[in-house]
Number of protein chains: 2
Amino acid sequence: MKDEFIDRLRSVLADVVDDPDILDSHRNDHATFCTAGVPLALVRPTSTAEVQEVMRLASESRVPVVTQGGRTGLSGAANAVDGCLLLSTTRLNQILEISVEDQVAVVQPGVVNASLSRAVLEKGLFYPPDPSSWEMSTIGGNIATNAGGLCCVKYGVTSDFIRGLEVVLASGEVVRTGRRPAKGVAGYDLTRLIVGSEGTLGVVTEATLALRPAPESALTAAATFRTIEDGIAAAAAVMASGLRPSLLEFLDQPTLRAIQDYRDMGLPSDVGSMLLAQSDRGARAVDDVSRIAEICTAHGAIDVAEASDAEESAMLLEARRLVNAALERLGVTLIDDVSVPRSQLVTLLRGIADIGTKYDVLIFCPGHVGDGNMHPTVVFDRDDPAAEARALQAFGAVMELGLRLGGTITGEHGIGTLKAQWLETELGPVGLELHRRIKAAFDPLNLLNPGKVLR
Amino acid sequence: MKDEFIDRLRSVLADVVDDPDILDSHRNDHATFCTAGVPLALVRPTSTAEVQEVMRLASESRVPVVTQGGRTGLSGAANAVDGCLLLSTTRLNQILEISVEDQVAVVQPGVVNASLSRAVLEKGLFYPPDPSSWEMSTIGGNIATNAGGLCCVKYGVTSDFIRGLEVVLASGEVVRTGRRPAKGVAGYDLTRLIVGSEGTLGVVTEATLALRPAPESALTAAATFRTIEDGIAAAAAVMASGLRPSLLEFLDQPTLRAIQDYRDMGLPSDVGSMLLAQSDRGARAVDDVSRIAEICTAHGAIDVAEASDAEESAMLLEARRLVNAALERLGVTLIDDVSVPRSQLVTLLRGIADIGTKYDVLIFCPGHVGDGNMHPTVVFDRDDPAAEARALQAFGAVMELGLRLGGTITGEHGIGTLKAQWLETELGPVGLELHRRIKAAFDPLNLLNPGKVLR
C-alpha cells in the first residue's frame, strides 16, 4: 500500500523521495524535546497545481501531511508524524512580484526571509519581520508560526504584513483569502486565521505581503543597570515616551555573566540588567538615542553608551547576538517564550529566579522587553536525566507564571507539540472546543499536521 | 409563545422592551436600501452574565438575535430580522480600565468611540480608529465591522488595536480570546476572526484595546490638480516617500463642485482633483507638510496650501468635512466602499465615470486615497423608481470593477445585507463554503444575525 501510494505520487509530481536516510534527515525542526515520527515519503512540489494533486492523493489515501519550510521552528510543529507525507515548500521559492507602487510583494512560501528582505531593499522597500532564523527560515514557515523578531516592537509581527494568501485545503481545493490593497472587510478574516495555524488548516502556496518604505540608518544605545527593576522601569519609560524604538532588548544578570564568560565584553559582574535600544530614523536617530540615554540615566543607569555610527551600533548589539552561543556551551537549552503585560515584567523575572531556585536549574532571561515577550532559557546537562526532568518542570512553571500574570505561553514561537498541553490551559474548555470545530471545518479528516497545536 | 418568551426574558434581566413604537425606532442602522424586519423585543443587558442568560433563552426558544451598538452602520448589519430579539449593548458602556504602563484599555462594547478616545487622551494615550461616526458609534460596533476612518493610512484599522475579546457564544457560553500583551501566538487567531464578523459569530462583551502614546500636534496641506491622474500620482509619491501622513484624502471634480455649490470655498470649477494630507508629528509636521507640498508641486499641482497652525489646518479640512452634507442635499446617497491597489486608482476612477455615463447617474468619488479605499457615491432622486434602479445597477457595476482591478467590494463598511450577494462573488465557492462551516462551528442553529454577511 505504501508503494502504491508512492507510485501514485510519482504520477503527479517529479520530486518524490523515499530514501530512508534523506527522510531521516527531514524528520525534525529545531525544537528540543519534541518527538518526531517516521515519514512515508517527502515531496517537493513546484506549483500550486502539484500541491493540489498531492493533497487529493493524501486525502483519498488518508495519509497525514506535514508541511515543512526551513525547519527552523522551535516547537516541533514541522516534525514528522508516523506514516506521514512530508510536504516541503523549498521548491516553491519564487518571488513572483515586487510592486513599488502598491508596496506589496507576492511570493511563494519557500522563499527564504533574507532573500525576500534583500530583494525588496534593492527596490527601496522593507519587509520588517525579522525572526532570528531569518537567514534560513521561509516566508511560509514565518506565516505558519506568525513569526516575530527584534523589530516587532516598532513594526509588528508577520501577521501585520500578510495581506492575502492562496491556500490549498486538505481536500485539494484552492482558496484565495484576503486582498492586495491595504484595507478590506469582506467576510471573515481567513487570512489571520491561517497565519499562525502551524500547517493545521491548509498549505499556503502564495502570499501577498505588505511592504514599507525602507527605513533610514539606525543607531543604538546600550545601558546597564544595578537591578532588574531599574532596567524594566527604563524600558517602560522608553515605551511611554512616544519614541518608537526599532529594537528594545533586555538581558538579565545570569545572561550577561554567561556572555562575559564566553567572550570578554568588559561587562562588570555586578550589573543587574542591560537594555539595548535602537532608532532607525536616520538623521533623527541621534536625537532619539540621546533621549533614550537620558531616560535610562533618569532611571538609575550605571553606564550608558550611545553609538555614533553603524560600526559602534553593531558593537553594542554584539552582546545580544552572542546570547545563544553563550548559553549553548553551558548545556542543552530549553527556550521558553512567555509574553506578559509590561507592568508584570518585574514580577515575572523575580518569579523565574524563584523557579530556578526551586527546581535547581539555571534559567537565563533575555527578551524583547518592549513587547513583554521574554525568552527564559533553562539550561541543563542532557546526560543527567534528573536535571532534564527538573528542567521540564521549571519550563512548565514559567508558563504557569506567565498565564497567572495575564500573559500567554507563547509570544512568537508557537505551540507545535511542545506546548500543546499548556495551550489547553490557556484556551480553556470553550476556547479549545471552538479550536477543534474550526480545525474540523477546514480539515474534517484531520490529515493536516495532526497532533500539532491540538493534541 | 411570544409572551412566554418575553416573560422568560424579564425573569433574567430588567430592561426588556416590547413597546411597538420603541421597537420600530430600533429596526434600522444607517444603511440605505436595506430591508429591516419586525423584532419581537429589545433587551439592554448590563452584564456579561445577563448576555449569557439572554443567549441561553434565545437558543432554547430558537429566537434569532441581532446585536446592536450605535446603529450607525452603512450596510444593514444591525437591522432587525423578523421575529428577532434586538440585543442592544448601550448599557454595557463602562470603561473598565485604562493602563498607562501597559498602554491598553479594557472596555465594554457599548462605550462610544469618542468617549473612549477622550478618556485615553486625558492620560496621554491615543486610540487611533476614527470612523466618521466616532461621536455616535460604539467600540462594539467598530469591532463588529472592523471600522476604519481617516487616520488608518498611518495607524491601521480597528483590528490592529484589538488585543483580546470576551465573547458570549450562541449557546450562552463565554470565551476569552487573545491576550493583553502585545505579542501572542497561542492557538488560532479567534480575535481577528470575530473582528469584522458583524455579529454573526458571537456577542462581544468586553474588549482589550491597544493604545499608543498621544500624537503630537498636526498640520495639514491641501493641493489642487488639473486632472485625476496628477492627484493620484502625487498621492502615490507621498506614500512612497517614507513620510507617514496621518491622513491622505482625495476629492474628485464632481465632489469638489458639489462642495463649492453647497458653500463657497473658492474652489475653481476647472480643478480636476484635490488632495488633503496631514502630519501629526508636532515640531516635525512643518517639514513633513513642506515635503508633501513639494511632492504635489512636482506632480503638477495648480495650487498648494500649507497650514501653519491648527486653525488653518481645520480650514483646509473643511472641504472634506462638507462632503456628506453637500451630496445629501442633491438626493439619496448610496455610498460604495471599494478598495483597490493604489496602482489601479486611475483606472478605477475613469471606469466609475464611465459607469455614471452608462447608467445615467451622478457618481461622486471622495476617498481614503492612501489606502486605495474610495467611497464612490451614487446620488439619485428617490421619488424616481427608474433612477433608483439605475443607481443600484451602477452600485453593482462599481463593485464588479473594483474586483476586476484586484480589489475588494468593501474596505471598511462591511457586508450586512447590502453586499451579501456580491460577497459570494468576491469569496468564490470554496471560500464561501469555508465561511458557512466557520459560521456553523460558532452558531450551529444560525441564530446570530441570520442573513447578514452570509445569505
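User: What distance separates the centres of domain 1 of chain A and domain 4 of chain A?

Analyst: The centres, taken over C-alpha atoms, are 33 Å apart. This is a predicted model, in which local features need pLDDT of at least 70, side-chain atom pairs count only at pLDDT 80 or more, and totals for chains, interfaces and linings use all residues; side-chain values use heavy atoms, without hydrogens and water. Residues are numbered from 1 along each chain as its sequence is written, while chains are lettered from A and ligands numbered from 1 in the order in which they are written.

User: Which domains is chain A divided into?

Analyst: Chain A has domain 1 (2–88), domain 2 (95–213), domain 3 (219–321) and domain 4 (330–404), with bounds from an automatic or database domain assignment.

User: Why does the radius of gyration of chain A agree with a compact globule?

Analyst: The rule is 2.2 Å times the number of residues to the power 0.38, taken over C-alpha atoms. For 455 residues it gives near 23 Å, and chain A has 23 Å, so the two agree.

User: What share of chain A counts as buried?

Analyst: Buried means under 20% relative accessible area (1.4 Å probe, protein chains only), and 62% of the 455 residues in chain A are buried.

Terms used
Buried < 20%, exposed > 50% of the residue type's maximum accessible area, 1.4 Å probe, protein only.
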